[in-house]
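These are my notebook entries on a single protein chain. I record what I looked up, entry by entry.

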Amino acid sequence: MISIFELFSIGVGPSSSHTVGPMRAANDFVAQLPNGAIKRLEVELYGSLALTGKGHGTDRAIIVGLEGYQPDTVDPAFVYQRMNRLIQEKTLMIQNQIIDFEYQEHFIFKYTENLEYHTNGMRFTAYDAENNIVHSEVYYSIGGGFIISDTALHSPNIIKEKGELPYYYETAQKLLEYCDQRKCTIAELVLENEKHWRSEDEIKEKLYEIWSVMDQAIDNGCKGKGLLPGDLKVRRRAPIHYQALLNQAEQNDITKKDFNWLNVYAMAVNEENAAGHRIVTAPTNGAAGIIPAVLKYFLHFYPKAKKEDVITYLLTAGGIAILYKKQASISGAEVGCQGEVGVACSMAAGALTAVLGGSIWQVEQAAEIGMEHHLGLTCDPILGLVQVPCIERNAMASIHAVNAAHIAMLEDGKHVVSLDQVIQTMKQTGADMHSKYKETAMGGLAVNVPIC
């Protein structure tokens, strides 16, 4: 079972699969260790985690994770500071015990190796004073901050909780059947499922908190200054565009619903993500700007928008995201950027249609349009940084999501390609895609844009 709060989680940039997931895995590994028995520890990264781990901040995320810090509460500035101190001091604090840790020796990047289950693999191994292995575990970061251990994968005792939700679904067809039977919206049905874990008041409070963090990321991004971290020396553009739009608005030289506002909102969030600051995974960090950009655009520029629409929008978006998580993938390292930006666009398109008053059939059509025209989208970050083409890509997808919603609202929900069919196509396309186009920085723009 998946809660929408696993798909909308507060964390730090720049990557849910390369930063948030590994930090959680490191936390889990330390929790399995016997107290006081550890003298040495090794971390090995494989596949995409190794190839783009330094650019994505995987190493520094794991370091703070091993010391007990969590993605939703850690100070983003501390993550950078702790990594710098580690290199100088060569020690880690594990379970209130200081152990030696030489970064160059004990943090190992296996650039040419993959583990069996997923390209985002990592192995933690702890040793005692006699160099005996105390505990070793393999984890996979499978997209959106989700992790699974090798032990869990091969355990015969995993309990399937399928029957416990009142309206369990894995396909859009089943989701729509439930809604049609109950004469309810997608948001209302998702809310009933979420009550399996929390009260309605708690769900709404948490959703408003999610939106607050999203909105703050937009605000922070519009006020940011200077260059983004890393050797690309990318300047922040959202503040420049934001100020230009404000100046144009004062001169009555801009229409109220100009799509440039969508660009600014999306780029602001993803520049904050690239800086390693606080954002909401939605459903990944690399695609974190789309959901908030479209929601803010709606709240600001549609006259009938109201506060309660935040709940409907996020519940609908989360319900759509579950379909992709169940049937395919939201991991760029597994299916390319179609699984990140494409999925976020699909979520935003369907959610916007819902708050515009669209039927469940129109919501499904908008979500389908959002993905159909992202099929085959590669993940080829230059230098392994979540900057180029990621930041602009969020802006383009935000505009695409609004357009998809407007198309769906002019129709009756009857269309040729179903959402389930496009999700299956996305999965198949990802499987066929060459590995160099799946978050390895070994193909596409990553090799055709020389950085000296």
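**Entry 1: Lys-223**

I began with Lys-223, which I located in helix 10, residues 200–223. The model I am reading is a predicted one.

To their contact, domain 1 contributes 20 residues and domain 2 contributes 20 residues.

How much area is buried between domain 1 and domain 2? I found about 1,300 Å², with carbon and sulfur atoms giving 55% of this area. On the side of domain 1, Ser-16, Pro-76 and Tyr-80 supply 29% of the area buried against domain 2, which is more than any other three residues.

I searched the interface for charged and polar pairs. The rule finds zero salt bridges between domain 1 and domain 2, but it finds eight residue pairs in polar contact, both residues being at pLDDT 80 or more. I then listed the elements that give two or more residues to the side of domain 1 that touches domain 2: helix 2 (16–31), helix 3 (47–56) and helix 5 (76–89). Helix 3 gives the most, with four residues.

**Entry 2: Nonpolar cores**

I looked up the largest nonpolar core and found that it has 112 residues. Those with the most contacts inside this core are Phe-8, Met-214, Ile-291, Tyr-313, Leu-314 and Tyr-324. Domain 1 and domain 2 each provide at least three residues to this core. Another core lies apart from it, with 27 residues, among them Ala-26, Leu-41, Met-83 and Phe-124.

I followed Ile-291 further. Which residues does Ile-291 contact, leaving aside its neighbours within four places in sequence? I recorded Phe-8, Met-214, Ala-282, Tyr-313, Leu-314, Ala-317, Ala-344, Met-347 and Ala-348.

**Entry 3: Salt bridges**

My search of the whole structure returned 16 salt bridges. I examined several of them.

In helix 5, Glu-89 and Arg-85 are four residues apart, about one turn of the helix. Their side chains meet in a salt bridge, with 3.4 Å from N to O. Glu-89 is partly exposed at 42% relative accessible area, and Arg-85 is partly exposed at 34%.

Glu-200 forms a salt bridge with Lys-195, and the closest N and O atoms are 3.2 Å apart. Glu-200 is partly exposed, with a relative accessible area of 30%, and Lys-195 is partly exposed at 34%. I traced the shared partners and found that salt bridges join Glu-192, Lys-195, Glu-200 and Lys-204 into one network.

I also recorded the pair of Asp-180 and Lys-183, whose side chains meet in a salt bridge at 3.6 Å, N to O. Asp-180 is partly exposed, with a relative accessible area of 36%.

**Entry 4: Backbone geometry**

I stayed with Lys-183 for its backbone. Its phi is near 55°, a positive value in a residue other than glycine. I placed Lys-183 in the loop between helix 8 (172–182) and helix 9 (186–194); its relative accessible area of 70% makes it exposed. Asn-131 also has a positive phi, near 70°. Asn-131 lies in the loop between strand 6 (121–127) and strand 7 (133–141), and at 47% relative accessibility it counts as partly exposed. I checked these values because most residues other than glycine have a negative phi, and most peptide bonds are trans.

Where did I find cis peptide bonds? One joins Gly-13 and Pro-14, with omega about 10°. Pro-14 is in the loop between strand 1 (9–12) and helix 2. The bond from Val-388 to Pro-389 is also cis, with omega near 10°. I located Pro-389 in the loop between helix 17 (360–372) and helix 18 (390–409).

Terms used:
Residues numbered from 1 in each chain as written. Heavy atoms only, no water. Core = buried A, V, L, I, M, F, W, Y, C linked by side-chain atoms within 4.5 Å. Buried < 20%, exposed > 50% of the residue type's maximum accessible area, 1.4 Å probe, protein only. Domains from an automatic or database assignment. Contact = heavy atoms within 4.5 Å. Buried area = accessible area lost by both parts, 1.4 Å probe. Salt bridge = Lys/Arg side-chain N within 4 Å of Asp/Glu carboxyl O. Polar contact = N/O pair within 3.5 Å; in protein donor to acceptor, adjacent residues only side chain to side chain.
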